[in-house]
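Here is my note on the model you sent over. Please read it with the structure open.

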Amino acid sequence: MTDGSVVCGPGYRKAPKAFKVFMCLRYEISDGGRVSAAVKKRILAAALAALLLTGCSSAAEEAQNAFVPGDDKRLVIYTSHKREVYEPVIKEFEQRTGIWVELETGGTAALLERIAAGDTDCDLMLGGGVDSLSAYSDCFSPYFSVYNNDILPAYSCPDGSYSPFSALPVVLIYNTRLVHRNPPAGWASLLDRSWTGRIAFADPNVSGSSYTSLCTMLQALGGDNEQVLTSFEENLGGKVLPDSGDVVGAVAEGRCYIGVTLEETALKAIDAGYDIAVVYPEEGTSALPDGAAIVAGCRHRENAELFIDFLLCPDMQRMLQDSLFRRSVCTPYGEDTGAEKIRLIDYDIDWAGGAQARLLELWNDAAGGTEQ
């Protein structure tokens, strides 16, 4: 996904109609992910010029002076979440706090690399498995939320470099129309040659959740990591998907028979009527949380802290379960999600974060020495 920029504001409902048209245009072209930054700027400049030429200069002036808050009421967030996840969260945060959010969207790895490069105005990273965030911990500044004591021990971060948001079990899925007998039972199934070329898996160079899935498989199966990783990559038959969001579609449409994805994504697809079923690996799986982390030296630190507090507040944690097919990381909600019914491995976050460069090197070597 190409990075986009979305600006929302709590004063939108009171804005003049002309300004609403301008903001809607800005929102749509920014979130689509298919328009270059230069083209976006030209389109928005033309839209603003049109407002001025059609006698709407007062609307533009009001937008600048009345509806765009001062710097103390702003927050810049980078997120790898899909729109259906981040949109209700950010809208609710804005309505409660009056803080104006500017959003950049993209893949976890790409956004973290931009933050690491130090040439962004990002205040907070939202999304990505905490193993990915842990690998970039030097880029983030510790913060312990006012709700920190509510976080379940399995999901807490001892050094405060990130805060968990929701727990996301990794699962297997299969097409119920094509797989009638012997569905995949666990991680070992992904090494079975009967599935060669029929497995949907996203590029771990790009997708944080795919990297988490890879580490989960390695930790669950044990043995020689290089041998397991190479065997799995070979079993994909050269088919590596560019985005984790493509996995469910590839399986549901029959382009692949089985796949690896997050429980949340699978349950949403089943709810929408897709012909897939979920398998919780018999060897055990991870329920690693995704998280949020405050960028070190950011401009809007206080607002970033407010956002993390908002993510962990009881109302938001309840909404995760009721509306977003996610599991809470806090008590009492996290204890009532059925997580105890899943066999969980003791996922080593520190190992996954520290081994990321080496594992991706092995992955790319197995793929022929080039990144997918």
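1. Overall picture. This is a predicted model. The protein has 14 helices and 11 strands. Of its 372 residues, 53% count as buried. Take the contacts with a separation of 6 or more: 78% of them join residues 24 or more positions apart.

2. The largest pocket. Its space comes to about 810 Å³. There are 43 lining residues, and K82, S209, S244, G245 and L262 are the closest to the centre. By class, the lining splits into 16 nonpolar, 19 polar and 8 charged residues.

3. Helix 7 itself. The helix has 14 residues and spans 20 Å from first C-alpha to last, close to the 20 Å expected at 1.5 Å a residue. Helix 7 is mostly covered, with 11 of its 14 residues buried. The buried set includes G208, S210, Y211, L214, C215 and M217. G222 follows the helix, with a positive phi near 70°.

4. T216. A polar atom of its side chain lies 2.7 Å from the backbone oxygen of T212. An α-helix has 3.6 residues a turn, so residues three or four places apart point the same way. Leaving out residues up to four places away in sequence, T216 touches V170, W187, T285, S286, I345 and Y347.

5. The cavities. How many cavities of 30 Å³ or more does the structure hold? There are 2. For anyone repeating the search: rolling a probe the size of a water molecule over the atoms shows where empty space is left.

6. Helix 14. This helix covers residues 356-366, and its buried residues are Q356, L359, L360, L362, W363 and N364. What covers them? The cover includes helix 6 (130-135), helix 7, helix 8 (225-235) and helix 13 (349-354). Just after helix 14, G368 takes a positive phi of about 110°.

7. Positive phi outside glycine. Two residues deserve a look. N182 has a phi near 50°. N182 sits in the loop between strand 7 (170-175) and strand 8 (199-200). Its relative accessibility is 65%, so N182 counts as exposed. F325 is not a glycine either, yet its phi is positive, about 60°. F325 belongs to the loop between helix 12 (314-323) and helix 13. At 30% relative accessibility, F325 counts as partly exposed.

Definitions and conventions
Residues are numbered from 1 along each chain as its sequence is written. This is a predicted model: local features need pLDDT of at least 70, side-chain atom pairs count only at pLDDT 80 or more; totals for chains, interfaces and linings use all residues. Side-chain values use heavy atoms; hydrogens and water are left out. On a 1 Å grid over the protein atoms alone, a cavity is a set of points where a 1.4 Å probe fits but cannot get out, and a pocket is an open set with protein on both sides within 12 Å along at least five of seven lines; lining residues have an atom within 4 Å of a point. Grid points are joined across faces, edges and corners, and a volume is the space filled by probe spheres set on the points. Ala, Val, Leu, Ile, Met, Phe, Trp, Tyr, Cys and Pro count as nonpolar, Asp, Glu, Lys and Arg as charged, and the others, Gly among them, as polar. A polar contact is a pair of N or O atoms within 3.5 Å; within protein, one must be able to donate a hydrogen and the other to accept it, and residues adjacent in sequence count only if both atoms are side-chain atoms. Contact means heavy atoms within 4.5 Å. Helices (H or I, at least four residues) and strands (E, at least two) are DSSP runs, numbered from the N terminus. The expected span of a helix is 1.5 Å times one less than its number of residues. Buried means under 20% relative accessible area, exposed over 50%, partly exposed in between (1.4 Å probe, protein chains only).
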